[in-house]
Amino acid sequence: MWLWALLPVCLAVFGTVGIWTVFAVAVSNGSVNLTAGVPYISECGAYPPQSCLFSQICSICSVLALWIVVIRFQQVRDCGDHGKANAASIVLGFISSVGISIIGNFQQSILQDIHLLGAFLAFFLGLAYFWVQLFLTYRAAPSQDRCWVGPARAVGCILCTVLVIAMIALHNTVSPSAAAVCEWALVMCIFCLFGLFAAEFRHIDGHHLIVQKAAGGSDRSAASVEINPYVMNTIS
């Protein structure tokens, strides 16, 4: 069902438009000064009114990212992969999604230490999540999209890794503006990596509802309900 493919696309589009809107508002009201250099994303969203918008954008992106992480985990599991890599992916994805929420709700101008913790969770563990997804791209059942999704995901992961290293190196030198450029490029690449899930989510077919009575229970025992909304089409 192609409608599932809209979920990662919505995250990529909404997140991209959202943070550039925050940037535009910050520039228009003078919260950031472009003549002094390119600001970090967090600097653009540090002060009201754009801080309120930044908080909402990060919160929504966090929920959408977590939703995608859970669907992808179930999709890979339905393909027969119950390995540690898939389990690690949902843990990394969950923590990095929480990190996105922390970034938006604990602004740099108020609680910098917590804000930096959220940035670490979102960027570093998020990057680890996508490297695991690259591994699972070739571990899960073959699909007709693997021939281009795999290389595209590999390029995105490599580019994100390079940008993270460059951002850290430039931030610790005399080039904070260049580090900020790396951060903006990094976030755009992460949104593109999320958008790539659309190629795999379009194969999700529907949902099954299974109701079972708890084993060994009495007549009063509650029934257990298992919902599996992520059944994949068979790809030849």
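## Surroundings of His115

Leaving aside residues up to four places away in sequence, His115 touches Ser42, Ile103, Phe106, Gln107 and Gln108. The model behind this description is a predicted one. His115 lies in helix 5, which covers residues 112-139.

The relative accessible area of His115 is 2%. Because buried means under 20% relative accessible area, His115 counts as buried.

## Helix 4 against helix 5

Helix 4 spans residues 84-105, and its axis comes within 7 Å of the axis of helix 5, with a crossing angle of roughly 150°. Helix 4 is therefore roughly antiparallel to helix 5, since angles over 145 degrees are classed that way. The crossing of the two helices is left-handed.

What kinds of residues form the contact of helix 4 with helix 5? There are 16 nonpolar and nine polar residues in this contact, and no charged ones.

## Helix 1

Helix 1 runs over residues 6-28, 23 residues in total. From its first C-alpha to its last, helix 1 reaches 32 Å, close to the 33 Å expected at 1.5 Å a residue.

Buried positions in helix 1 are Leu7, Pro8, Leu11, Ala12, Gly15, Gly18, Ile19, Val22, Phe23 and Ala26. Gly30 follows helix 1 and has a positive phi, near 80°.

Methods. Residues numbered from 1 in each chain as written. Predicted model: local features only at pLDDT ≥ 70, side-chain atom pairs only at ≥ 80, totals over all residues. Heavy atoms only, no water. Helix = DSSP H or I, 4+ residues; strand = E, 2+ residues; numbered from the N terminus. Buried < 20%, exposed > 50% of the residue type's maximum accessible area, 1.4 Å probe, protein only. Contact = heavy atoms within 4.5 Å. Axes fitted to C-alpha atoms, helices over the stretch in contact; angles between N-to-C directions. Parallel < 35°, antiparallel > 145°, perpendicular 65-115°, else oblique. Left-handed = near helix turned anticlockwise from the far one by under 90°. Nonpolar A, V, L, I, M, F, W, Y, C, P; charged D, E, K, R; others polar. Expected span 1.5 Å × (residues − 1).
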